[in-house]
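Let's take a friendly walk through a protein model. Have the sequence and the 3D view ready as you read.

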Amino acid sequence: MARIYINPLPVRICHWTNALGFVLLIVTGCHIRYAEVLQLMSFATAVRVHNWVGFVLIANYFIWLGFYLFTDKITVYHPELDPRKYYRATLRQMLYYGYGIFRGDPNPHHATAYRKFNALQSLTYQIVMILLVPIQFYSGVLLLDIERFRGSIELFGGVRVVATVHVVLFIFFTGFILVHAYLASLSTRPFAHYKAMITGYEDAGEA
């Protein structure tokens, strides 16, 4: 079976750094918010790990952004500009995920190195990576030192608003990671998509 080199090394490094980092942020974030319930570590340790991992992921984000902005791989995020084609592809993908996959129907999207995301993935990842991730990072930085950033915090409605945005996005990203892991498991060969994010290569039939 033909194999496609679909995940370059920088993408794989950034992906697994993000995966590990977000898991650590979720665990430490839960510990910070529910310190009276969770006893995995001290509150001070949870805050320290949460902050440092956050800065690592911010740096990782800019590495990821630079890679896509300054290489031809940016095309994987280009949306279909013809509305009819885009909505048809989206509908087909929704029907596949909601119905066809349980009947053994083939995936309507066939990935290539420069078009690896289906219509749903393309839109979702653009919203997540270009909008939601920066908002989460920015709200986290503001909460890191409330006194220093009080002006910016008040501009956005106060500490309660900023903290609520941070927590709501934390809940969203927790769900997103679970759904992402589930969808990555949907392949005809066990762990094929996971292996592709390790080796970079994916079988043409799985892509």
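## Ground rules

Helices (H or I, at least four residues) and strands (E, at least two) are DSSP runs, numbered from the N terminus. This is a predicted model, in which local features need pLDDT of at least 70, side-chain atom pairs count only at pLDDT 80 or more, and totals for chains, interfaces and linings use all residues. Residues are numbered from 1 along each chain as its sequence is written, and side-chain values use heavy atoms, leaving out hydrogens and water.

## Confidence

The protein chain has a mean pLDDT (the predictor's confidence in each residue, from 0 to 100) of 89. Confidence is lowest in strand β2 (residues 201–203), with a mean of 83, and highest in helix α2 (residues 43–69), at 95.

## A buried charge

Strand β2 contains E202. Is E202 buried or exposed? E202 is buried, where buried means under 20% relative accessible area, exposed over 50%, and partly exposed in between (1.4 Å probe, protein chains only). E202 has no salt bridge, that is, a side-chain nitrogen of Lys or Arg within 4 Å of a carboxyl oxygen of Asp or Glu.

## Salt bridges elsewhere

The whole structure holds five salt bridges. One of them joins R150 and E154, at 3.6 Å from N to O. These residues sit four apart in helix α5 (residues 150–155), so about one helical turn separates them. Salt bridges with shared partners link E147, R150 and E154 into one network.

D105 and R103 also pair up, at 3.4 Å from N to O. D105 is partly exposed, at 29% relative accessible area, while R103 is exposed, at 54%.

Terms used
Lys and Arg count as positive and Asp and Glu as negative; His and the chain ends are not counted.
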